[in-house]
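Reader: I would like to learn how to read the features of a protein model. Where do we start?

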Amino acid sequence: MYKRQTPDYAFICTLWAAHANMFDEFEVTPRLMITAPFKAAGKTQVLKVLQNLTHNAVEGRNVTEATFVRLGGDHNLAYFMDEGDRVFKHENSDMTTVLNIGYEIGASFFRCVGNDHTPTAFPVSSAVAIAGKNLDTIMSDTTLSRSILINMVKAKRGQIRQKFKKKRHLLRLQELGRKLKRWCDDNRTDCGNYEPTFPDTFEDRDEDNWTPLVAIASVASEEMGIRAMDIALAKCSMAEELEDDVLIRLLRDTK
């Protein structure tokens, strides 16, 4: 199992926020899935923190497919969607389709528009972070393959030294967000041009998902780059073990 959850997940989320400030520099923009099987695990709080760290952030709880299509491709937005287990409940919905298409930079969603029903392409590339219960089972396999998963656990009593309070922490978060944006503006070209070297055992889709985060960490420092790569390897190895375990159980049950 993946043992280093809390500090490494915080590191991943910070790298993802940096990527959301300049996602158009990369080939894809991995979706960030913040999930837990129960309430009160801090999913919404993580989403709020990331939203205040990210430039051009949009509160996406009530975003419809039409709004997503109209806004997303024009403004390089980062959407932060809470209650994703409700929004993406049906995997064949237009919202799911747009979410999957927008993963690839420069991709478009086609709609027939006007009285003549003219086929029209709408650019839909946007960074998207989603929080919700059981997203690892509710979201379609296509969406999950384009995502980095953050599995939240409920804190034990006394484990959190200071709870997030808007009045106390918001200004500090916004200051950190401005510093992060400034760093991204100064280093976006280097980050976009950086090509991490992944092991041959890495799946192509996993490599696509992790390239922006590992690239950003590597440009920041060699130590951070090594740490990001180690986390990526550990996360993907755990996912493969879980998948193998499911297949083994299926074969055993079939027998």
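**Reading the sheet, the helices and the cores**

Author: We start with the sheet: an open sheet of 5 strands with parallel pairing has the order β2-β3-β6-β1-β7. Its edge strands are β2 (57-59) and β7 (147-151), each of which pairs on one side only. From one strand to the next, the twist averages 20°. This is a predicted model, in which local features need pLDDT of at least 70 and side-chain atom pairs count only at pLDDT 80 or more, while totals for chains, interfaces and linings use all residues. Residues are numbered from 1 along each chain as its sequence is written, and side-chain values use heavy atoms, with hydrogens and water left out.

Reader: What counts as a helix or a strand, and how many of them does the protein have?

Author: Helices (H or I, at least four residues) and strands (E, at least two) are DSSP runs, numbered from the N terminus. The protein comes to 10 helices and 7 strands.

Reader: How do strands of a sheet pair?

Author: Strands of a sheet pair through backbone hydrogen bonds, either parallel or antiparallel. Two strands count as paired if DSSP finds at least two bridges between them. Here β2 is joined to β3 (residues 78-81) by 3 bridges, in parallel, and Val 58 stands opposite Tyr 79 in β3. β3 and β6 pair in the parallel sense over 4 bridges, with Phe 80 opposite Ala 129 in β6. Between β1 and β6, also parallel, there are 5 bridges, and Thr 35 stands opposite Gly 132 in β6.

Reader: Which strands run antiparallel?

Author: β4 (residues 108-113) and β5 (residues 118-123) do, joined by 6 bridges. Arg 111 has Thr 120 in β5 as its bridge partner. Their hairpin has 4 residues between the strands, and Gly 114 there takes a positive phi near 85°.

Reader: At what angle do α2 and α8 pack?

Author: Axes are lines fitted to C-alpha atoms, for helices over the stretch in contact, and angles run from 0 to 180 degrees between N-to-C directions. Helix α2 and helix α8 (residues 166-193) pack at about 50°, with their axes 7 Å apart. Angles under 35 degrees count as roughly parallel, over 145 as roughly antiparallel, 65 to 115 as roughly perpendicular and the rest as oblique. The two helices α2 and α8 are therefore oblique to each other. Contact means heavy atoms within 4.5 Å; among the residues that make it are Val 49 and Leu 53 of α2 and Leu 173 and Gly 177 of α8.

Reader: Where are nonpolar side chains found?

Author: In soluble globular proteins, nonpolar side chains tend to be buried together. Buried means under 20% relative accessible area, exposed over 50%, partly exposed in between (1.4 Å probe, protein chains only). Of the 255 residues in the protein, 41% are buried, and in β6 the count is 6 of its 7 residues.

Reader: What is a nonpolar core, and which residues have the most contacts inside the largest one?

Author: A nonpolar core is a set of buried Ala, Val, Leu, Ile, Met, Phe, Trp, Tyr and Cys residues joined through side-chain atoms within 4.5 Å. The largest has 44 residues, and those with the most contacts inside it are Ile 12, Trp 16, Leu 32, Ile 34, Ile 150 and Trp 210. Helix α1 (residues 5-20) gives the most to this core, with 9 residues. Apart from this core lies another, of 18 residues, including Val 63 and Phe 88.
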